[in-house]
Amino acid sequence: MDPDALRARRRAIRRGLVRTVLLLTGVTAVFLLVPWKAVNLGDTLLITAVFLIGLAGAAALIVWQGIAYRDAKMSGSARLQGLLVALYVAVLFFALSYYLLAISKPEAIAGLETRLDALYFSLTIVSTVGFGDVHAVDQAARAIVSFQLVFDLIFVSLAVAAARA
């Protein structure tokens, strides 16, 4: 391979890695640092609309990365990296949903009190481990968990299928 082309490829990989680290840092900072308790969560319609918009956005991100993964112009590491970032963002989205629900209805999810609890709960669902120490109690929480289970079945399996192709 031409030395100039090799240097250009390495620069592109470094830029992609820096963008990925910045994106992950940004979404994690939003999840961890925004004072979510200050947000007024009294309107169920507003909460539902925001959840559905976020769900559609997370799904679109995974589909977009799955398509990009199959694009021959991307290197293998960049393709897999994009899928992993999309899945991470989806897990954070669900963790934020659980945390916001716990703020508005503390009895909705037993054992969920902090952001770390919410992230832990979301990860146990996506990994299908389900220890039972944190669990959905009321109908709204069970609906969100059901959405995440279906979401994970569809989009995580699509991401795995794209990675194997």
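The side chain of Asp138 places a polar atom 3.0 Å from the backbone nitrogen of Ala141. A polar contact is a pair of N or O atoms within 3.5 Å; within protein, one must be able to donate a hydrogen and the other to accept it, and residues adjacent in sequence count only if both atoms are side-chain atoms. This is a predicted model: local features need pLDDT of at least 70, side-chain atom pairs count only at pLDDT 80 or more, and totals for chains, interfaces and linings use all residues. Residues are numbered from 1 along each chain as its sequence is written, and side-chain values use heavy atoms, without hydrogens and water.

Asp138 sits in the loop between strand E2 (135-136) and H5. Helices (H or I, at least four residues) and strands (E, at least two) are DSSP runs, numbered from the N terminus. Asp138 counts as buried because its relative accessibility is 14%. Buried means under 20% relative accessible area, exposed over 50%, partly exposed in between (1.4 Å probe, protein chains only). Beyond four places in sequence, Asp138 contacts Lys105 and Ala108; contact means heavy atoms within 4.5 Å.

The largest nonpolar core has 35 residues. Such a core is a set of buried Ala, Val, Leu, Ile, Met, Phe, Trp, Tyr and Cys residues joined through side-chain atoms within 4.5 Å. Helices H2 (44-70), H3 (76-104), H4 (115-126) and H5 each give two or more residues to this core. H3 gives the most, with 13. Leu112 is among the residues with the most contacts inside the core.

Val150 belongs to helix H5 (residues 139-164). Val150 is partly exposed, because its relative accessible area is 47%.
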